[in-house]
Amino acid sequence: MGEPWLRMGGRWMSSPQVEEVYDLYVNQLMVEGERRWDEQQINSLFSEEEAHNIISMPLFQTVQHDKLIWDGNKDRVYEVREGYRLLMKERWKHKEGAVTKNWRGVWAVNAPPKARHAMWRVCSECIPTRVRLVQRNVECNTCCPLCNEGLEDDYHAFALCPDVVASWEAAGLSNILIRRLPKFNNVSDLLFDICSGEDQNIAGRVAALLWSVWQNRNAAVWSEAKLPPVQVGHSAYQMWKTWFDTQVTRAQDSMKGKALPQQHVAFEIAEENFNVLRLENIPPGCQSLKGRVWLCLMPYNLLDKRDGIM
Ligand SMILES: [Zn+2]
């Protein structure tokens with residue numbers, strides 16, 4: 001009885017209990033030679049609530065031997081990584097001062113709009129990972145579609161999955177991730193910290209990586225055509241670099257007084273139904289018409305489909 005063995009209201013029964021049970025084993029609370037609780041003894045040794053919990057625990061005839069079961073994942077198999085994560089989670093619970101949710105920092109990262117939008121969605125905890133779908137009563141397998149190990153929650157999908165860690169490395173962002181893993185127990189806080197603590201270009205590259213990782217995950221789910229992790233990391237960096245070089249060129253041309261044709265302008269606004277407004281492919285000449293603006297409003301879900309964010 002010196003070890004935790006019984007759940008009560010989501011916590012382990014406190015130990016030690018009354019002095020009389022210190023040296024008892026659980027099987028001594030059963031009727032000898034039978035597979036049933038010794039209710040009289042249990043009622044005399046434990047409080048009414050504890051006794052009720054013990055007696056309501058079913059004793060299966062099919063179970064012949066006791067065994068240790070890890071409660072941290074669905075496979076009931078202990079992994080060092082999961083144990084470490086659980087430990088950090090407990091530690092973080094007691095740590096004072098949660099991460100400041102710096103939303104302005106998220107939108108200020110230097111990255112293509114679709115990448116910033118992906119980062120905002122991860123920070124908002126609204127990416128439809130399999131664990132989240134199950135939490136919302138959608139029946140599906142909760143296993144990660146990239147590594148087929150562990151549960152696909154936000155943290156796993158964007159930071160812990162071995163495939164994704166390899167992509168962070170290939171994108172040249174490994175050190176940005178690794179040194180933060182011990183400090184945080186969820187990817188949202190980790191990203192807020194990156195947006196606050198790193199320069200906007202680095203944070204922008206992280207945003208591009210998140211977008212690419214989720215694209216690749218969707219490819220694995222919907223077309224079974226996922227890319228190798230290293231390629232995901234490289235393409236994320238390349239996507240960001242191409243965008244960045246274009247910004248630099250525009251800024252330089254602007255300094256020279258050249259007016260570039262405005263082909264693609266994007267704004268993000270926080271609206272309930274439309275969270276992205278796009279003004280794009282403005283026909284030549286229309287920009288000079290006063291009071292006329294060509295707006296292409298795309299509903300949130302359509303934009304997601306087009307950019308492959310969902
Ligand atoms: Zn995985």
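This is a predicted model: local features need pLDDT of at least 70, side-chain atom pairs count only at pLDDT 80 or more; totals for chains, interfaces and linings use all residues.
A residue is called buried if 20 or more other C-beta atoms lie within 10 Å of its own, exposed if 12 or fewer do, and partly exposed in between, with the C-beta atoms placed from the backbone. Residues are numbered from 1 along each chain as its sequence is written.

Start in the loop between H11 and H12, where you will find Glu 224. (Helices are DSSP runs of H or I with at least four residues, numbered from the N terminus.) Glu 224 has 8 C-beta neighbours inside 10 Å, so it counts as exposed. Its phi is positive, about 50°, although Glu 224 is not a glycine. That deserves a second look, because most residues other than glycine have a negative phi. Glu 125, in the loop between H5 and helix H6 (130-135), also has a positive phi, near 55°. Since Glu 125 has 13 C-beta neighbours inside 10 Å, it counts as partly exposed.

The expected span of a helix is 1.5 Å times one less than its number of residues. Helix H11 covers residues 200-222, so its 23 residues should span 33 Å, and this agrees with the 33 Å between its end C-alpha atoms.

Next, look inside. A nonpolar core is a set of buried Ala, Val, Leu, Ile, Met, Phe, Trp, Tyr and Cys residues joined through C-beta atoms within 7 Å. The largest one here has 44 residues, and among those with the most contacts inside it are Met 119, Val 122, Leu 191 and Leu 210. Helices giving two or more residues to this core include H5 (113-123), H10 (187-197) and H12 (229-255). Which helix gives the largest share of this core? It is H11, with nine residues.

Two residues are in contact if their C-beta atoms, placed from the backbone, lie within 7 Å. Leaving aside neighbours within four places in sequence, Val 122 is in contact with several residues, including Ile 127, Phe 158, Leu 191 and Leu 210.

Finally, visit Pro 112, in the loop between helix H4 (103-107) and H5. With 21 C-beta neighbours inside 10 Å, Pro 112 counts as buried. Beyond its neighbours within four places in sequence, Pro 112 is in contact with Ala 208, Met 239 and Trp 243. The C-alpha atoms of Pro 112 and Trp 243 are separated by 6.4 Å, although these residues are 131 residues apart along the chain.
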